[in-house]
Each structure stands twice: as structure tokens, then as C-alpha cells.
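Subject: Structure handover

Hello,

Here is the structure I promised to pass on. Please open it next to this message; my notes follow below.

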Amino acid sequence: MWEKELEKMIEAAYAAEVKIKEIYNTKFDVEIKSDDSPVTLADKTADALIKSMLEKEFPHFGFLTEESKDTGERLSKEDIIIVDPVDGTKEFVNRNGEFTTNIALAHNHEVVVGVINVPMKDVLYYAIKGQGAYRLEKGKDPVRIHVSNKKDHLIAVRSRSFFNEKEQAMMDKHSDMIERIDVYGAALKFCKIAEGMADIQYRFSSNTKEWDVAPGNLLIEEAGGVMVKPDLTRYTYNRVDPYNREGYILANCIENVLL
């Protein structure tokens, strides 16, 4: 189930990658949106392309995308596509390659398909609910991925551009369990934990939205890990308020949430 949706979501991610790379190699302008976040032509072009391709394939689905106006019509839909065309625009602007394209399908408020493409690394991650999480390098067969089984000497990850004192304090508090802290942009943190290269992340800010986390949430869970709010409950999707206001914790297992 959901194989067609996955196929078309991957096609859309790869089509967007072509446009994103074209703009990445030009002298693009950077605008600042009302929430003080940057946006470029790559965000807008990729958003429109992904939405257009998937609307054609799935005309009855709702959409929640970062660069489209949210009319609220999606709230009446059983299935919605959630898109962040360039997650990590600051990393895109800085040209460090640590940005992703995030596409998820939520069915009845639960993510059932997730795709995270990393355009500058030639690797894509995907998951289908109940069918596992996978890493797909261009020109190779997909490889199933799993979180680590570590309970100590943990590797924590944090955001390259968004990081606060509360998150640092939590890692300091558990320095006896956390061996080191790695730094990544965008949804790469979900990918690193899902494939066992890191073990935990704290995100205690309220400025992420559904499109930042939806595919990563499924990827982590299908790889055997967890994504929970600080009160240990899970997020649902296609909410009236798309902000993840409580923050979240990612971990390879619930025992390592360390709260």
C-alpha cells in the first residue's frame, strides 16, 4: 500500500532537485519573509513544481506546503501532501550543501509516506508506514536502515543554524551519556539517527512546522526510533496550527530520551 504515492513523491523530489541545483549555481537573491526566515527562487520554484506534479497525480489530496498560501481547505481532507521544498534555506544560501527537500503524505493525521532528498549528496531517504525506512543512493539499490542499539556513549546531533541554550543545557546535563555532538542542517538530523550514525536530538524551540518534521518522523519510527514531544506524546499532522510549538526529541529508543 502507498507504493504509487511513494513513486510519484520521489519523482517530484528528483524533478525539484534539478531546478534547485540550477539556482544553487547562480547569483540568486534572498528575500526575508514576515517570520524573519529567508526564501529564494529555489524555494518558490521547487514548491510550485512539486505541488503541480502531485496535484496532477492525486487531485483529491489536500496540500500544506511552505511556500503556498494555507487556505485551510486541507483540514477537510483525509489525505494531504506536506512539502518543504528547501528545508534549510540558510544552508542553501551559505552553499554548504546541508539542505533537503521534504515530502510527506499524511492519511487521517498520520504520516504514511515520507521522502527526504538531499540534492547535493545524491542520496534520498524514504519510508512507508509498516514497511521500513530506506536509504537510496543514485545508481544503487535501496538499502534498509535502522537506528543504533546504543544505550550509552551516545552521539547527539543539533541544528547548524537553529540552536538554543535549553538544548545545550540538556546535553550538558547528560554529558555522562553523550559522547559527542555532531552538527547538521535541515532534516539531515533525522536521517543520521535513522541510519544509526547518531542517537539523539533535542529541539526545544517552537518555530518548526509540520513540513520540517513530517517525513523525518516516519523515517525515524520506521527505522526503529522515536520522535516525541517533551511530554512523551506524539505529533499528529494536518493540524489547524502547523507549528510544532512544544518542540520534540528524537532518539534511537524511548529509554534514551533522557528527560
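**Pockets, cavity and contacts**

Strand 3 is the top contributor to the lining of the second largest pocket, giving four residues. Keep in mind that this is a predicted model.

The second largest pocket has a volume of about 230 Å³. Its lining counts 16 residues, and Lys 51, Gly 62, Phe 63, Thr 71 and Glu 73 are the ones nearest the centre. Helix 2 (41–57) and strand 3 (62–65) are the elements that give two or more residues to this lining. By class, the lining has seven charged, five polar and four nonpolar residues.

Now the largest pocket. The volume here is about 520 Å³. It is lined by 32 residues; Asp 87, Phe 162, Arg 203, Asn 207 and Asp 212 lie nearest its centre. At least two lining residues each come from strand 4 (79–87), helix 3 (89–94), helix 5 (188–194) and helix 6. The lining divides into 15 charged, nine nonpolar and eight polar residues.

The structure has one cavity of 30 Å³ or more. The largest cavity has a volume of about 50 Å³. Its lining includes His 109, Glu 110, Val 111, Asn 217, Leu 218 and Glu 221. Arg 234, Tyr 235, Thr 236 and Tyr 237 are also part of that lining. Strand 6 (110–118) and helix 6 (210–222) are the elements that supply two or more of the lining residues. Helix 6 has the largest share, three residues. The classes are four nonpolar, three polar and three charged.

Next, salt bridges. The whole structure holds 24 of them. In one, Lys 138 pairs with Glu 17, with the closest N and O atoms 2.3 Å apart. Lys 138 sits in the loop between strand 8 (132–137) and strand 9 (143–145) and Glu 17 in helix 1, so the pair ties together parts 121 residues apart in sequence. Glu 17 is buried, because its relative accessible area is 3% and the cut-off for buried is under 20%.

A second bridge joins Arg 135 and Glu 195, with 3.1 Å between the closest N and O atoms. This pair also links distant parts of the chain: Arg 135 is in strand 8, and Glu 195 is in the loop between helix 5 and strand 12 (200–203), 60 residues apart. Arg 135 is partly exposed at 23% relative accessible area. Glu 195 counts as buried at 16%.

Lys 140 and Glu 137 form a further salt bridge, 3.6 Å from N to O. Lys 140 is exposed, with a relative accessible area of 53%, while Glu 137 is partly exposed at 29%. Shared partners join Arg 135, Glu 137, Lys 140, Lys 192 and Glu 195 into one network of salt bridges.

Ile 10 lies in helix 1 (residues 3–24). Ile 10 is buried, with a relative accessible area of 13%. The C-alpha atoms of Ile 10 and Val 115 are 6.8 Å apart, although 105 residues separate the two along the chain.

Ile 254 is in the segment after strand 14 (248–251) and is partly exposed, at 41% relative accessibility.

Best wishes

Key: Residues are numbered from 1 along each chain as its sequence is written. This is a predicted model: local features need pLDDT of at least 70, side-chain atom pairs count only at pLDDT 80 or more; totals for chains, interfaces and linings use all residues. Side-chain values use heavy atoms; hydrogens and water are left out. Buried means under 20% relative accessible area, exposed over 50%, partly exposed in between (1.4 Å probe, protein chains only). On a 1 Å grid over the protein atoms alone, a cavity is a set of points where a 1.4 Å probe fits but cannot get out, and a pocket is an open set with protein on both sides within 12 Å along at least five of seven lines; lining residues have an atom within 4 Å of a point. Grid points are joined across faces, edges and corners, and a volume is the space filled by probe spheres set on the points. Ala, Val, Leu, Ile, Met, Phe, Trp, Tyr, Cys and Pro count as nonpolar, Asp, Glu, Lys and Arg as charged, and the others, Gly among them, as polar. A salt bridge is a side-chain nitrogen of Lys or Arg within 4 Å of a carboxyl oxygen of Asp or Glu.
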